[in-house]
Amino acid sequence: MYENGHRIMKPSRPVGIVGYGAYVPRYRLPGVEISRLWTGGAEPPPVREKAVPGPDEDVVTMSIEAARNALARAGIAANRLRAVWVGSESHPYAVKPSATIVAEAIGATPHVQAGDWEFACKAGTEAMQAAIGFVGSGMADYAMAIGADTAQGRPGDALEYTAGAGGAAFILGPAEESLAILEGSLSYVTDTPDFWRRAHARYPEHGGRFTGEPAYFHHIVEAARQLMEALGTRPEDYTYAVFHQPNVKFPQKAAKMLGFRPEQIQTGLLVDEIGNTYAGSCLIGLTAILDEARPGDRILAVSFGSGAGSDAFSLVVTEAIRERRDRAPRTRDYIARRVVIDYATYARYRGKIVLDT
Amino acid sequence: MHPARAWRGRSQRYRLEGEICEGCGARLFPPRDICPECQRPARTPYPLSGRGEVYSYTVVYEPPAGYEEQAPYIVALIRLEEGPLVSAMLTDVGPEEVYIGMPVEMVTRVLHRQGEHGVIAYGYKFRPVLRRTVMLPSPSAPVTA
């Protein structure tokens with residue numbers, strides 16, 4: 001056995017992804033527009049543009065569309081899902097689950113586990129680990145995990161450039177029905193306060209450069225390295241890798257630290273076009289990879305959530321990808337649907353203009 | 001609106017669930033339990049595909065209370081593929097883009113929010129059919145497995 005064998009998580013019943021779906025809203029706010037307003041154009045934006053939800057969109061509506069896409073790809077009836085779990089840090093209610101609304105809208109109620117997950121940007125992969133356990137233990141044949149956010153950034157703060165919107169849904173099921181089989185996963189968590197939002201606070205706070213080395217890089221790199229070590233895989237064994245994407249530079253640097261080439265992360269690196277979609281970030285990247293992957297391709301997906309922790313997954317794509325991928329819109333279809341807005345429209349859509357006093 | 005009222009209609013509002021008349025096969029929306037075609041009982045739930053086209057529309061510039069954040073918006077009559085004519089808000093489309101005969105698909109969105117403290121009402125709206133790399137059956141089509 002390998003040295004880190006006890007750290008890796010493998011379900012006793014083999015599990016995989018039987019369906020997946022993404023959603024990205026159509027509005028885009030260019031980084032130069034934010035820079036123009038707050039720095040007179042002096043600051044170069046960290047991403048080209050970010051996706052902005054319309055006035056009638058939130059985590060629930062985005063999750064519903066991603067979930068419908070995942071069901072279409074899986075080709076199963078919604079009432080066969082035994083769990084609908086939504087990971088986010090922007091649930092529309094503080095008390096009242098997003099997941100019950102999503103489950104009702106897709107037709108999964110009433111014999112379903114439903115709940116909301118929170119762990120900053122890794123809430124979605126947290127739900128995915130639980131769904132793997134749910135199916136892997138035999139408690140369920142199918143479980144849905146969603147990561148979605150309408151991220152908030154304080155006006156003028158560095159986060160405002162990147163705080164985007166979008167989500168992805170995955171249906172975990174038996175390996176023999178899967179379009180990508182799970183080889184194993186690993187979680188790496190410590191108490192690291194790099195980013196937080198207190199109860200009732202409107203905008204999050206962050207530790208500036210402290211969000212880098214001890215937070216993002218340490219957790220991502222350790223989770224990925226230890227998973228590969230336990231599986232006996234190396235970066236060159238992977239066709240694709242996708243990491244959490246708070247900006248363009250961080251995932252590029254993490255990939256380099258681990259020994260991945262730029263080509264391996266290119267397909268899943270969407271942050272320059274849609275911003276940081278928080279709980280949706282590495283999961284939407286994974287959907288973009290599955291849209292293009294071929295049977296036999298191996299994929300490494302690693303999330304990062306502030307607070308802090310990472311979940312790493314190693315997947316192998318199967319023949320089923322060929323006929324399932326085109327049962328729903330591809331992630332690139334949503335990214336191509338693009339309407340540029342100005343800061344005033346953004347401020348209105350995001351509720352930054354006070355109407356009630 | 002009292003939460004109970006929205007709750008009663010959640011199947012039809014969240015996922016466009018209508019009814020089918022077992023007598024003559026007519027698909028009904030909204031569900032009304034009696035077939036308007038043959039006047040027989042029609043209580044079997046039927047999930048509509050959500051596909052249709054704009055039959056007529058108008059632009060609302062003076063919205064009722066609770067809809068201010070979305071104005072101006074379009075209210076349209078949608079002729080569903082299965083026959084019924086449904087009135088609904090359009091989304092992800094501006095007044096300058098919409099036209100009679102525009103192909104649309106159902107999405108579930110926020111209909112209105114009762115201030116900062118009230119319940120959020122979700123329900124069907126229609127948007128222009130998403131342009132796809134590959135054209136396929138709608139993801140909201142009924143699935144049996």
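Which side chains meet in a salt bridge with A:Arg26? In this predicted model, the partner of A:Arg26 is B:Glu97, with 4.0 Å from N to O.

**Contact between chain B and chain A**

- The contact takes 33 residues from chain B and 33 residues from chain A, and the two chains bury about 2,900 Å² between them, with 51% of that area on carbon and sulfur atoms.

**Domains of chain A**

- Between domain 1 and domain 2 of chain A the buried area is about 4,500 Å², of which carbon and sulfur atoms give 59%.
- A:Cys121, A:Leu179 and A:Arg325 supply 15% of the area that domain 1 of chain A buries against domain 2 of chain A, which is more than any other three residues supply.
- Five salt bridges are counted between domain 1 and domain 2 of chain A.
- A:Lys122 forms a salt bridge with A:Asp311, and the closest N and O atoms of this pair are 3.0 Å apart.

**Nonpolar cores**

- The largest nonpolar core has 79 residues, and those with the most contacts inside it are A:Ile17, A:Leu81, A:Met144, A:Phe170, A:Ile171, A:Leu286 and A:Leu290.
- Helix α2 (residues 59-74) of chain A gives the largest share of this core, nine residues, while the core draws at least three residues from each of domain 1 and domain 2 of chain A.
- Leaving aside residues up to four places away in sequence, A:Phe170 touches a set of residues that includes A:Ile17, A:Tyr20, A:Met128, A:Met144, A:Leu283, A:Leu286 and A:Leu290.
- Another core, of 32 residues, lies apart from the largest one, and among its members are A:Leu227, A:Ala230, A:Leu269 and A:Val271.

**Cysteines**

- A search of the whole structure finds zero disulfides over all chains.
- A:Cys121 is in no disulfide, and the nearest cysteine sulfur, that of A:Cys282, is 9.9 Å away; A:Cys121 counts as buried, at 8% relative accessibility.
- In chain B, the sulfur of B:Cys38 has its closest cysteine sulfur in B:Cys21, at 3.5 Å, which is too far for a bond, and B:Cys38 counts as partly exposed, at 22% relative accessibility.

**Helix α1 of chain A**

- The buried residues of helix α1 (residues 31-39) of chain A are A:Gly31, A:Glu33, A:Ile34 and A:Ser35, and the buried residues of this helix pack against β2 (27-30), β3 (49-52) and α12 (343-349) of chain A.
- Just after this helix, A:Gly40 takes a positive phi of about 65°.

**Cis peptide bonds and positive phi values**

- A cis peptide bond with omega of about 5° joins A:Gly307 and A:Ala308, and A:Ala308 is found in strand β13 (residues 307-317) of chain A.
- In chain B, the peptide bond from B:Ala71 to B:Pro72 is cis, with omega near -5°, and B:Pro72 lies in the loop between β4 (51-60) and β5 (73-80) of chain B.
- A:Tyr278, a residue other than glycine, has a positive phi near 50°; A:Tyr278 is found in the loop between α8 (271-274) and α9 (281-290) of chain A and is buried, with a relative accessible area of 1%.
- B:Leu16 is not a glycine but has a positive phi of about 55°; B:Leu16 lies in the loop between α2 (10-15) and β1 (17-20) of chain B and is buried, with a relative accessible area of 0%.

How values were computed:
Residues numbered from 1 in each chain as written. Chains lettered and ligands numbered in written order. Predicted model: local features only at pLDDT ≥ 70, side-chain atom pairs only at ≥ 80, totals over all residues. Heavy atoms only, no water. Core = buried A, V, L, I, M, F, W, Y, C linked by side-chain atoms within 4.5 Å. Buried < 20%, exposed > 50% of the residue type's maximum accessible area, 1.4 Å probe, protein only. Helix = DSSP H or I, 4+ residues; strand = E, 2+ residues; numbered from the N terminus. Domains from an automatic or database assignment. Contact = heavy atoms within 4.5 Å. Disulfide = S-S within 2.5 Å. Buried area = accessible area lost by both parts, 1.4 Å probe.
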